[in-house]
Amino acid sequence: MSVIEVNHLTKYYGKSRGINDVSFKVEEGEIFGFIGPNGAGKSTTIRLLLGLIYPTSGSASIFGKDCIAFGPEIRKDIGYLPSEVFYYDRMKVKDLLNYSASFYPGDHKARMHELSELMGLELERKIEDLSYGNRKKVGIVQGLLHRPKLLFLDEPTSGLDPLMQRKFFDLIRDENRRGVTVFFSSHILGEVQRLCNRVAIIKEGRIIKIDDIRTLQKDNYKKVQVAGEIEASCFDLPGVTNLEHSDGLVRFLYNGDINVVMRRIAENTVADVTIEEPSLEEIFMHYYE
Ligand SMILES: Nc1ncnc2c1ncn2[C@@H]1O[C@H](COP(=O)(O)OP(=O)(O)OP(=O)(O)O)[C@@H](O)[C@H]1O
(Lines give C-alpha, C1' and ligand atoms only; values in the text may rest on other atoms or scores of the structure.)
Protein backbone atom coordinates (compact mmCIF):
# COMPACT_ATOMS: atom_id res chain seq x y z
CA MET A 1 0.00 0.00 0.00
CA SER A 2 1.30 3.46 -0.90
CA VAL A 3 1.56 6.03 1.91
CA ILE A 4 0.24 8.77 -0.38
CA GLU A 5 -1.96 8.15 -3.40
CA VAL A 6 -3.21 11.05 -5.49
CA ASN A 7 -5.73 10.49 -8.30
CA HIS A 8 -6.58 13.18 -10.84
CA LEU A 9 -6.58 15.84 -8.16
CA THR A 10 -7.69 19.27 -9.37
CA LYS A 11 -8.10 22.51 -7.45
CA TYR A 12 -9.43 25.79 -8.79
CA TYR A 13 -9.61 28.87 -6.57
CA GLY A 14 -12.66 30.35 -8.27
CA LYS A 15 -11.44 30.72 -11.84
CA SER A 16 -7.79 30.68 -10.88
CA ARG A 17 -5.85 27.45 -11.41
CA GLY A 18 -4.29 25.81 -8.38
CA ILE A 19 -3.46 22.32 -9.71
CA ASN A 20 -4.83 20.35 -12.63
CA ASP A 21 -5.28 16.57 -12.90
CA VAL A 22 -2.39 15.67 -10.61
CA SER A 23 -1.71 11.96 -9.97
CA PHE A 24 1.20 10.28 -8.18
CA LYS A 25 2.06 7.79 -5.44
CA VAL A 26 4.58 7.94 -2.61
CA GLU A 27 5.75 4.66 -1.11
CA GLU A 28 6.58 3.96 2.52
CA GLY A 29 10.10 5.02 3.51
CA GLU A 30 10.68 7.27 0.50
CA ILE A 31 12.00 10.82 0.54
CA PHE A 32 9.91 12.14 -2.32
CA GLY A 33 10.89 15.45 -3.88
CA PHE A 34 8.25 17.79 -5.26
CA ILE A 35 9.89 20.47 -7.31
CA GLY A 36 8.57 23.32 -9.39
CA PRO A 37 8.85 27.06 -9.89
CA ASN A 38 6.87 29.63 -7.85
CA GLY A 39 3.14 29.32 -8.35
CA ALA A 40 3.42 25.81 -9.85
CA GLY A 41 1.03 24.33 -7.28
CA LYS A 42 3.27 22.74 -4.65
CA SER A 43 1.62 24.30 -1.59
CA THR A 44 -1.84 23.71 -3.06
CA THR A 45 -1.06 20.00 -3.40
CA ILE A 46 0.18 19.79 0.19
CA ARG A 47 -2.81 21.69 1.58
CA LEU A 48 -5.16 19.33 -0.28
CA LEU A 49 -3.34 16.29 1.10
CA LEU A 50 -3.60 17.69 4.62
CA GLY A 51 -7.33 18.24 4.15
CA LEU A 52 -6.91 22.00 4.78
CA ILE A 53 -8.65 22.86 1.50
CA TYR A 54 -11.14 20.90 -0.60
CA PRO A 55 -10.45 19.64 -4.10
CA THR A 56 -12.51 20.78 -7.08
CA SER A 57 -12.32 17.18 -8.37
CA GLY A 58 -10.26 14.03 -7.98
CA SER A 59 -9.21 12.35 -4.76
CA ALA A 60 -6.25 11.66 -2.50
CA SER A 61 -5.56 9.17 0.24
CA ILE A 62 -2.93 8.88 2.96
CA PHE A 63 -2.25 5.59 4.79
CA GLY A 64 -5.00 4.17 2.55
CA LYS A 65 -7.65 6.59 3.88
CA ASP A 66 -9.36 9.41 2.07
CA CYS A 67 -7.77 12.76 2.97
CA ILE A 68 -11.08 14.58 3.39
CA ALA A 69 -13.22 11.90 5.09
CA PHE A 70 -10.46 10.83 7.51
CA GLY A 71 -8.60 14.16 7.82
CA PRO A 72 -8.40 14.39 11.65
CA GLU A 73 -7.43 10.73 12.04
CA ILE A 74 -4.72 10.91 9.35
CA ARG A 75 -3.27 14.16 10.70
CA LYS A 76 -2.35 12.48 14.01
CA ASP A 77 0.45 10.69 12.19
CA ILE A 78 1.53 13.60 10.04
CA GLY A 79 4.10 16.31 10.67
CA TYR A 80 3.82 19.50 8.62
CA LEU A 81 6.25 22.34 8.19
CA PRO A 82 4.45 25.07 6.21
CA SER A 83 6.39 27.37 3.89
CA GLU A 84 5.47 30.34 6.05
CA VAL A 85 5.04 30.04 9.79
CA PHE A 86 2.70 32.29 11.76
CA TYR A 87 2.48 32.16 15.54
CA TYR A 88 1.05 33.93 18.55
CA ASP A 89 3.84 36.47 19.03
CA ARG A 90 3.38 36.96 22.75
CA MET A 91 3.84 33.29 23.60
CA LYS A 92 7.10 31.76 24.72
CA VAL A 93 8.55 29.10 22.41
CA LYS A 94 8.17 26.51 25.19
CA ASP A 95 4.48 27.32 25.75
CA LEU A 96 3.72 27.22 22.04
CA LEU A 97 5.42 23.84 21.62
CA ASN A 98 3.67 22.42 24.71
CA TYR A 99 0.38 23.66 23.30
CA SER A 100 1.09 21.97 19.93
CA ALA A 101 2.13 18.77 21.69
CA SER A 102 -1.13 18.72 23.66
CA PHE A 103 -3.01 17.88 20.43
CA TYR A 104 -1.27 14.52 20.28
CA PRO A 105 -1.59 11.69 22.81
CA GLY A 106 1.48 10.85 24.90
CA ASP A 107 4.27 12.85 26.52
CA HIS A 108 6.47 14.74 24.06
CA LYS A 109 8.55 16.83 26.45
CA ALA A 110 11.76 14.82 26.12
CA ARG A 111 11.56 14.93 22.33
CA MET A 112 10.81 18.66 22.40
CA HIS A 113 13.97 19.32 24.44
CA GLU A 114 16.04 16.99 22.28
CA LEU A 115 14.95 18.64 19.02
CA SER A 116 15.31 22.19 20.40
CA GLU A 117 18.82 21.47 21.55
CA LEU A 118 19.72 19.96 18.21
CA MET A 119 18.38 22.98 16.31
CA GLY A 120 19.79 25.51 18.81
CA LEU A 121 16.34 26.83 19.71
CA GLU A 122 15.90 28.74 22.98
CA LEU A 123 12.70 27.60 24.64
CA GLU A 124 12.39 30.54 27.04
CA ARG A 125 12.38 33.21 24.31
CA LYS A 126 9.21 34.96 23.21
CA ILE A 127 8.14 34.28 19.62
CA GLU A 128 8.05 38.02 18.84
CA ASP A 129 11.79 38.28 19.64
CA LEU A 130 12.79 35.54 17.20
CA SER A 131 14.37 36.05 13.78
CA TYR A 132 12.76 34.52 10.70
CA GLY A 133 15.22 31.61 10.79
CA ASN A 134 14.51 30.92 14.46
CA ARG A 135 10.77 30.95 13.82
CA LYS A 136 11.43 28.38 11.12
CA LYS A 137 13.18 26.23 13.73
CA VAL A 138 10.08 26.45 15.93
CA GLY A 139 8.14 25.09 12.94
CA ILE A 140 10.63 22.24 12.53
CA VAL A 141 10.43 21.20 16.19
CA GLN A 142 6.65 21.55 16.13
CA GLY A 143 6.39 19.36 13.02
CA LEU A 144 8.54 16.59 14.47
CA LEU A 145 7.86 16.41 18.20
CA HIS A 146 4.99 13.93 18.03
CA ARG A 147 7.07 11.43 16.02
CA PRO A 148 4.94 11.46 12.87
CA LYS A 149 5.03 8.63 10.31
CA LEU A 150 4.76 11.02 7.39
CA LEU A 151 6.39 14.44 7.09
CA PHE A 152 5.35 17.26 4.76
CA LEU A 153 8.07 19.85 4.32
CA ASP A 154 7.11 22.89 2.27
CA GLU A 155 10.21 24.92 1.32
CA PRO A 156 11.73 23.97 4.69
CA THR A 157 15.17 25.52 4.43
CA SER A 158 14.30 29.13 3.58
CA GLY A 159 15.72 31.35 6.33
CA LEU A 160 18.09 28.71 7.73
CA ASP A 161 21.82 29.39 7.50
CA PRO A 162 23.99 26.73 5.78
CA LEU A 163 25.03 25.12 9.08
CA MET A 164 21.42 24.82 10.22
CA GLN A 165 20.40 23.52 6.81
CA ARG A 166 22.93 20.73 7.19
CA LYS A 167 21.70 19.89 10.69
CA PHE A 168 18.16 19.92 9.40
CA PHE A 169 19.01 17.55 6.53
CA ASP A 170 20.78 15.19 8.98
CA LEU A 171 17.68 15.27 11.15
CA ILE A 172 15.42 14.44 8.20
CA ARG A 173 17.73 11.59 7.16
CA ASP A 174 17.62 10.21 10.73
CA GLU A 175 13.83 10.41 10.74
CA ASN A 176 13.77 8.64 7.40
CA ARG A 177 16.04 5.86 8.72
CA ARG A 178 13.50 5.35 11.50
CA GLY A 179 10.97 4.66 8.73
CA VAL A 180 9.41 8.10 8.33
CA THR A 181 8.19 8.86 4.80
CA VAL A 182 9.06 12.40 3.67
CA PHE A 183 7.33 14.62 1.12
CA PHE A 184 9.77 17.40 0.37
CA SER A 185 8.61 20.39 -1.65
CA SER A 186 11.12 22.89 -2.94
CA HIS A 187 12.13 25.05 -5.86
CA ILE A 188 15.81 24.53 -5.02
CA LEU A 189 17.17 21.73 -7.12
CA GLY A 190 20.39 21.19 -5.12
CA GLU A 191 18.58 20.28 -1.92
CA VAL A 192 16.16 17.96 -3.66
CA GLN A 193 19.11 16.26 -5.32
CA ARG A 194 20.89 15.84 -1.95
CA LEU A 195 17.97 14.40 -0.09
CA CYS A 196 15.44 12.71 -2.34
CA ASN A 197 15.19 9.31 -3.99
CA ARG A 198 12.43 10.15 -6.40
CA VAL A 199 11.14 13.44 -7.69
CA ALA A 200 8.02 14.84 -9.35
CA ILE A 201 8.32 18.02 -11.38
CA ILE A 202 5.25 20.25 -11.33
CA LYS A 203 4.76 23.13 -13.72
CA GLU A 204 1.70 25.36 -14.15
CA GLY A 205 -0.39 23.01 -11.98
CA ARG A 206 0.47 19.82 -13.86
CA ILE A 207 2.96 17.04 -13.17
CA ILE A 208 5.29 16.91 -16.14
CA LYS A 209 7.71 14.22 -14.97
CA ILE A 210 8.07 11.70 -12.15
CA ASP A 211 11.27 9.74 -11.93
CA ASP A 212 14.07 8.37 -9.86
CA ILE A 213 16.63 11.14 -9.48
CA ARG A 214 19.40 8.96 -10.96
CA THR A 215 17.26 7.88 -13.90
CA LEU A 216 16.47 11.51 -14.60
CA GLN A 217 20.12 12.23 -14.97
CA LYS A 218 20.74 9.12 -17.06
CA ASP A 219 17.74 9.92 -19.23
CA ASN A 220 18.54 9.86 -22.91
CA TYR A 221 19.17 13.56 -23.08
CA LYS A 222 22.51 14.51 -24.54
CA LYS A 223 23.95 17.97 -24.64
CA VAL A 224 25.33 18.56 -28.12
CA GLN A 225 27.60 21.40 -29.15
CA VAL A 226 28.78 21.85 -32.74
CA ALA A 227 31.32 24.51 -33.77
CA GLY A 228 31.71 25.78 -37.32
CA GLU A 229 30.00 27.63 -40.17
CA ILE A 230 26.72 25.86 -39.76
CA GLU A 231 23.05 26.86 -39.74
CA ALA A 232 21.21 26.12 -36.47
CA SER A 233 18.12 25.19 -38.53
CA CYS A 234 19.95 22.15 -39.83
CA PHE A 235 19.46 20.62 -36.35
CA ASP A 236 15.77 21.43 -36.22
CA LEU A 237 14.98 17.72 -35.86
CA PRO A 238 12.46 15.72 -33.83
CA GLY A 239 13.95 15.21 -30.32
CA VAL A 240 15.94 18.46 -30.42
CA THR A 241 15.10 21.13 -27.82
CA ASN A 242 16.69 24.29 -26.43
CA LEU A 243 18.33 24.96 -29.84
CA GLU A 244 20.65 27.98 -29.63
CA HIS A 245 23.13 29.54 -32.05
CA SER A 246 25.77 32.06 -31.03
CA ASP A 247 29.45 32.86 -31.65
CA GLY A 248 29.85 30.12 -34.27
CA LEU A 249 28.43 27.50 -31.88
CA VAL A 250 25.21 25.55 -32.21
CA ARG A 251 23.99 24.05 -28.91
CA PHE A 252 20.99 21.90 -28.18
CA LEU A 253 19.59 19.05 -26.05
CA TYR A 254 18.77 15.86 -27.90
CA ASN A 255 16.63 12.91 -26.87
CA GLY A 256 16.61 10.12 -29.46
CA ASP A 257 18.78 8.00 -31.74
CA ILE A 258 22.18 9.68 -31.68
CA ASN A 259 22.94 8.39 -35.22
CA VAL A 260 20.41 10.84 -36.64
CA VAL A 261 22.36 13.77 -35.20
CA MET A 262 25.71 12.23 -36.15
CA ARG A 263 24.60 11.93 -39.81
CA ARG A 264 23.43 15.55 -39.81
CA ILE A 265 26.80 16.63 -38.42
CA ALA A 266 28.64 14.55 -41.05
CA GLU A 267 26.74 16.33 -43.84
CA ASN A 268 28.49 19.57 -42.79
CA THR A 269 32.05 20.71 -42.37
CA VAL A 270 32.46 21.34 -38.67
CA ALA A 271 35.35 22.62 -36.53
CA ASP A 272 34.50 20.67 -33.39
CA VAL A 273 31.81 18.54 -31.76
CA THR A 274 31.12 17.72 -28.12
CA ILE A 275 28.34 15.42 -26.91
CA GLU A 276 27.90 15.08 -23.16
CA GLU A 277 25.42 14.25 -20.40
CA PRO A 278 23.62 17.37 -19.22
CA SER A 279 23.83 18.29 -15.53
CA LEU A 280 20.73 17.72 -13.45
CA GLU A 281 20.33 21.50 -13.34
CA GLU A 282 20.13 21.64 -17.12
CA ILE A 283 17.63 18.79 -17.21
CA PHE A 284 15.39 20.61 -14.74
CA MET A 285 15.69 23.89 -16.62
CA HIS A 286 14.67 22.00 -19.73
CA TYR A 287 11.48 20.79 -18.03
CA TYR A 288 10.81 24.17 -16.42
CA GLU A 289 11.06 25.91 -19.76
N1 LIG B 1 -5.94 31.25 -1.88
C2 LIG B 1 -5.73 31.36 -3.19
N3 LIG B 1 -6.57 32.07 -3.97
C4 LIG B 1 -6.37 32.18 -5.31
N5 LIG B 1 -5.35 31.63 -5.98
C6 LIG B 1 -4.47 30.92 -5.24
C7 LIG B 1 -4.60 30.75 -3.82
N8 LIG B 1 -3.58 29.99 -3.38
C9 LIG B 1 -2.84 29.70 -4.48
N10 LIG B 1 -3.37 30.25 -5.59
C11 LIG B 1 -2.85 30.14 -6.96
O12 LIG B 1 -2.63 28.76 -7.23
C13 LIG B 1 -1.44 28.59 -7.98
C14 LIG B 1 -0.53 27.62 -7.27
O15 LIG B 1 -0.07 28.24 -6.06
P16 LIG B 1 0.80 27.48 -4.96
O17 LIG B 1 0.96 28.42 -3.81
O18 LIG B 1 0.22 26.15 -4.73
O19 LIG B 1 2.19 27.33 -5.73
P20 LIG B 1 3.62 26.93 -5.19
O21 LIG B 1 4.18 25.98 -6.19
O22 LIG B 1 3.52 26.48 -3.78
O23 LIG B 1 4.42 28.29 -5.29
P24 LIG B 1 5.34 29.06 -4.25
O25 LIG B 1 6.65 28.35 -4.28
O26 LIG B 1 5.38 30.43 -4.83
O27 LIG B 1 4.64 29.00 -2.91
C28 LIG B 1 -0.85 29.97 -8.18
O29 LIG B 1 -1.19 30.43 -9.46
C30 LIG B 1 -1.49 30.80 -7.09
O31 LIG B 1 -1.64 32.14 -7.50
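**Entry 1: the ligand shell.** I began at the ligand, where H1 gives the largest share of the shell, three residues. Strand S2 (16-26) and helix H1 (42-49) each supply at least two residues of that shell; helices (H or I, at least four residues) and strands (E, at least two) are DSSP runs, numbered from the N terminus. I am working with a predicted model, in which local features need pLDDT of at least 70 and side-chain atom pairs count only at pLDDT 80 or more, while totals for chains, interfaces and linings use all residues. Residues are numbered from 1 along each chain as its sequence is written.

Which residues come nearest to the ligand? I noted Tyr13, Asn38, Lys42, Ser43 and Thr44, out of 13 around it; near here means a C-beta atom, placed from the backbone, within 6 Å. By class I found two nonpolar, ten polar and one charged residues in the shell. For the classes, Ala, Val, Leu, Ile, Met, Phe, Trp, Tyr, Cys and Pro count as nonpolar, Asp, Glu, Lys and Arg as charged, and the others, Gly among them, as polar.

**Entry 2: helix H1.** I then asked why H1 counts as largely enclosed by the rest of the structure. The buried ones are Lys42, Ser43, Thr44, Thr45, Ile46, Leu48 and Leu49.

**Entry 3: the cores.** The largest nonpolar core has 51 residues, and Phe32, Val141, Phe152, Val182, Phe183 and Phe184 touch the most other members. Such a core is a set of buried Ala, Val, Leu, Ile, Met, Phe, Trp, Tyr and Cys residues joined through C-beta atoms within 7 Å. Apart from it I found another core of eleven residues, including Tyr221 and Phe284.

**Entry 4: the sheet.** I traced an open sheet of four strands in the order S2-S1-S4-S5, paired antiparallel; pairing takes at least two DSSP bridges between two strands. The edge strands are S2 and S5 (65-66), each pairing on one side only. Seven bridges join S1 (residues 4-13) to S2, and Glu5 stands opposite Lys25 in S2.

How values were computed:
A residue is buried if 20 or more other C-beta atoms lie within 10 Å of its own, exposed if 12 or fewer, and partly exposed in between; C-beta atoms are placed from the backbone.
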